[in-house]
Amino acid sequence: MEKYFSIGEAAKAVHATTETLRHYDRIGLVKPSKKDEWTKYRYYTEQDIVRLHTVRLLQLMDLPLREIQKALEYDDLEKIVAFLAQAEKKADEKIAALQYSKSKIQLAREDY
């Protein structure tokens, strides 16, 4: 029998708010595996939580939810790998820009 987690438990597991998970559900990004007909409570499986973790990690890379949604719909492994490679490239570019900014700040500080 599959174990289900409440929306609060799932949100806590992925360091998000319950409203964030409701938003993901509304836009079709991550749907809960089970929704109570009467109470409308959402319940998530471990697989749902893995998907939520993936979404949260991709968000940390400043990827828009629409791009994340497209990537999660890929059924071709090569497309997924290409998407992740592109996301990694964007992350490297951000790191380089931040390192450049940091070096400029350090130079300015030394001038003072």
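In what order do the elements of the protein run from the N terminus on? The order is β-α-α-β-β-α-α-α. This is a predicted model, in which local features need pLDDT of at least 70, side-chain atom pairs count only at pLDDT 80 or more, and totals for chains, interfaces and linings use all residues. Residues are numbered from 1 along each chain as its sequence is written, and side-chain values use heavy atoms, with hydrogens and water left out.

**Overall form**

The protein has 5 helices and 3 strands. Helices (H or I, at least four residues) and strands (E, at least two) are DSSP runs, numbered from the N terminus. The radius of gyration, taken over C-alpha atoms, is 19 Å, well over the 13 Å that the globule rule gives for 112 residues, so the protein is more spread out than a compact globule. That rule is 2.2 Å times the number of residues to the power 0.38. The C-alpha trace spans about 65 × 35 × 25 Å along its principal axes.

The 3 strands form an open sheet in the order 1-3-2, with antiparallel pairing. Two strands pair if DSSP finds at least two bridges between them. Strand 1 (5-6) and strand 2 (34-35) stand at the edges, each with a single partner strand, so one side of each is left without a neighbour in the sheet. Strand 1 pairs with strand 3 (residues 42-44) over 2 bridges. Here S6 stands opposite Y43 in strand 3.

Helix 3 lies across strand 1 and strand 3, at about 90 degrees to strand 3. Axes are lines fitted to C-alpha atoms, for helices over the stretch in contact, and angles run from 0 to 180 degrees between N-to-C directions.

| Helix pair | Axes come within | Crossing angle |
|---|---|---|
| Helix 3 (residues 46-60) and helix 4 (residues 65-73) | 10 Å | roughly 135 degrees |
| Helix 2 (residues 18-27) and helix 3 | 12 Å | roughly 100 degrees |

Helix 3 is therefore oblique to helix 4. Helix 2 and helix 3 are roughly perpendicular to each other. Angles under 35 degrees count as roughly parallel, over 145 as roughly antiparallel, 65 to 115 as roughly perpendicular and the rest as oblique.

Contact means heavy atoms within 4.5 Å. R51, T54, V55, L58 and Q59 of helix 3 touch L65, I68 and L72 of helix 4. On the other pair, T20, L21 and Y24 of helix 2 meet L52, V55, R56 and Q59 of helix 3.
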